[in-house]
Amino acid sequence: MTPWNFPAAMATRKIDPALEAGCTVVLRPASDTPRMALAVGDLLTEAGVPPGVVNVVPARRSGPVVNTMLAHPATRKLSFTGSTEVGRILLKQAASRVLDCSMELGGNAPFLAFADADLVAAVEGALVARMRNAGESCIAANRFLVEAPVADDFSVRFARRMAALLVDPGIDLHSDVGPMVNEGARDDIAPLVDTAVGGGAAVRARAEVPDRRGWFYAPTMLADGAPDSDILDHEFFGPVVPVVAFDDEDGAVVAANATEDGLATCLYTGDLARGLRVSEALETGMVGLDRGFISDRAAPFGGVKQEPQRERAAGVTHVSARGGVGREGGHDGLLQFLETKYIAADS
């Protein structure tokens, strides 16, 4: 089961290792992007994949299709990329048949910039980390934590780059940011920004949006926000960058780990020893050290985290979400579709 934000990449990243392992596949694509999945299916047929080996089943309503898929006795494995909320539901359904599951779930990725970082590189990396796919990505940086001595300098540089972004439907190859996937996705962003501004955050930059149809949201940068602002507290998809200052390395790690999700982190520093030390302290499955783009087909992709977290408002302990279960990509991704068998033979 694949999401809408990278419809071809998500489908092929699951289908490829499944076929390598000798499995047949039923692909249920996201309702917003079924045609891309159908195109992938056509290409696989063209390439010689036999009929019935890869089956693409679009549907407007997921429930009946997914229930049938999970209940079928031939189903041995569920690989899902999507929200943590849906992942929980699917895991409960899969438990009735003890199905093996791989889950790539939510993220609330921090981006850390230390005072000894190359700020030019850090700003460019931050743009990639957030603005790739207009921020509609599970590994997109959501929270920008910058060491206090350079926080203003970083904000000025970043604001300048954000304000200059070209927002366009995507027909123009020179465009930087496209529209949101639908009206609901666009309308979900504004309340978060408004609440952050009401809590003291300042709008440092806002790009222009085209005067035409489309679910556009202006790329926006916020600075000087409260560390407990709602916009920092959960994953959101969109071209908004909230910047918050931190005082020292320990504070940076605490702030970065103050989330239920543990999928990805980016950090910039001029000190490799610090970079490795902080990377090990971060509660995420993936770390980009001095780079804003961390996904790689040859590398294991996935998240961690399943320890108790303290809810800010209620003050009660609960079991947190995971950034994922299992890994995709590389050798680790292939192993998700294999079973280990041990044979002990008497010599």
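Mentor: Happy to! R161 pairs with E124 in a salt bridge, with 2.8 Å between the closest N and O atoms; the term means a side-chain nitrogen of Lys or Arg within 4 Å of a carboxyl oxygen of Asp or Glu. R161 lies in helix α6 (residues 148–163) and E124 in helix α5 (residues 119–131), so the pair links parts of the chain 37 residues apart. Helices here are DSSP runs of H or I with at least four residues, and strands are runs of E with at least two, numbered from the N terminus.

The model is predicted: local features need pLDDT of at least 70 and side-chain atom pairs 80 or more, while totals for chains, interfaces and linings use all residues. Residues are numbered from 1 along each chain as its sequence is written, and side-chain values use heavy atoms, leaving out hydrogens and water.

R161 is partly exposed at 33% relative accessible area, as is E124 at 34% (buried is under 20%, exposed over 50%, partly exposed in between, with a 1.4 Å probe and protein chains only).

Now compare E328 and K14, whose salt bridge has an N to O distance of 2.5 Å. This pair spans 314 residues, from the loop between β14 (324–325) and α12 (330–335) to helix α1. E328 is buried at 5%, and K14 is buried at 7%.

By this rule, the count comes to ten salt bridges.
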